[in-house]
Amino acid sequence: MNRMMIISTGSALPERVLTNFDLEKMIETSDEWITSRSGIKTRRIAGKGEETSKLATSAARKALEMAGLGPEDLDMIVVGTITSEIAMPSCACLVQKDLGAVNAFAFDINSACSGFLYGLDLAEKYIKANPDLNILVIGAENLSAHVNWQDRNTCVLFGDGAGAVIVSGATPGRGMIAGKMFSDGRLHELLWMNSAPSLNPATAIPDHDGSYIKMAGRDVFKYAVRALAEAITYVLNQEGLDIDEVDVIVPHQANIRILKSLADRLNIPLEKLYINVYKYGNTSAASIPIALDEANRAGLLQEGKIVLLCAFGGGFTWGASLLRW
Ligand code: ACO
């Protein structure tokens, strides 16, 4: 059976850093509240020239460089995003254009914070069919453009950025071992972002208050911990592996308390989790590939290590993937 492996990583973050102390001047909040509730100290905010597709392209260039590939070597580009700068065409098509990846077909996945993991899962199916493909999987977001900066319940939590990986056929003994994705659309109103008002009078929403992220924080928290634990247990059971056999866990970075509760529930030492939420906040689909790139460049993902990725987000969508690096 052809397995898929991640052959390189890259990431890109906007220049501007917004600290909790900056937020104290904008809304009624405090560094103490934000840090104790979320673990977040700073986040990056995109400016001109740092639109979602630009960050995505920049992360992709770094991944291409690490892989020693040119843009023309790419066969497929998939971008997990809910915040591309335009609705059509896809962010992936803009990345294809900017890279000059003339041989690739390109499309987006809308699975909120799970978008990168869903993309990786899909790429694995293509590689299984043809291990010679080079597939670029990106998570990229500009969430700062879609938070209500008056709503302290949400605006302190999110940030912007992009991460990318290139996947191809695995060398023997390496690559993706297992993965399982989940969704439950019945719970969509616990975490959602309504679209811009319809221009069709028959479907227009009166008094539409804009395209903002809306969230029932406590419900999301409880559900996220349970769902992540179930997804992780599912993929480990699939392979008859114990959590102790996993070397590094790179989770979606939403909130340090979610990660601590998850670690408690599954008896995982917190040191096994790669955590950078304090620097970037929740960057939705971008959070796993940014963290993966940091962990990779820091030398934490040596060949043969068992790496677990897990995500949870709006939809609800969630999942876990297990790889031998
Ligand atoms: N600064 C100061 N006070 C605040 C702020 C803020 N930024 N935000 C909310 N508060 C207040 C609330 O108004 C409330 O005040 P009240 O009791 O007078 O009404 C009080 O703090 C407590 O609010 P809670 O919502 O009960 O606070 P909680 O301890 O649950 O923490 C949080 C809120 C951080 C949102 C938490 O529920 C959480 O982390 N949820 C998970 C949400 C998440 O991470 N979502 C990301 C998307 S999903 C994903 O990626 C997994």
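Buried here means under 20% relative accessible area. Keep that cut-off handy while you click through this predicted model.

Select the contact and you'll pick up 50 residues from domain 1 and 44 residues from domain 2.

**Stop two: the interface.** Between them, domain 1 and domain 2 bury about 3,700 Å², with 64% of that on carbon and sulfur atoms. Now show C113, L117 and Y118: they supply 18% of the area domain 1 buries against domain 2, more than any other three residues. Polar contacts are another matter, with 23 residue pairs found across the interface. Several elements of domain 1 each supply at least two residues to the side touching domain 2, including strand 1 (4-12), helix 3 (52-67) and strand 7 (160-169).

**Stop three: helix 5.** Which element gives the largest share of the side of domain 1 that touches domain 2? That's helix 5, with seven residues. Select 115-129: 15 residues, reaching 22 Å from first C-alpha to last, close to the 21 Å expected. Among the buried residues of this helix are F116, L117, Y118 and I127.

**Stop four: N142.** Jump to strand 6 (residues 135-142) and pick N142. Is N142 buried or exposed? N142 counts as buried because its relative accessibility is 15%, and the cut-off is 20%. Leaving out residues up to four places away in sequence, N142 touches A46, T52, T83 and D160.

Conventions. Residues numbered from 1 in each chain as written. Predicted model: local features only at pLDDT ≥ 70, side-chain atom pairs only at ≥ 80, totals over all residues. Heavy atoms only, no water. Helix = DSSP H or I, 4+ residues; strand = E, 2+ residues; numbered from the N terminus. Expected span 1.5 Å × (residues − 1). Buried < 20%, exposed > 50% of the residue type's maximum accessible area, 1.4 Å probe, protein only. Contact = heavy atoms within 4.5 Å. Buried area = accessible area lost by both parts, 1.4 Å probe. Polar contact = N/O pair within 3.5 Å; in protein donor to acceptor, adjacent residues only side chain to side chain.
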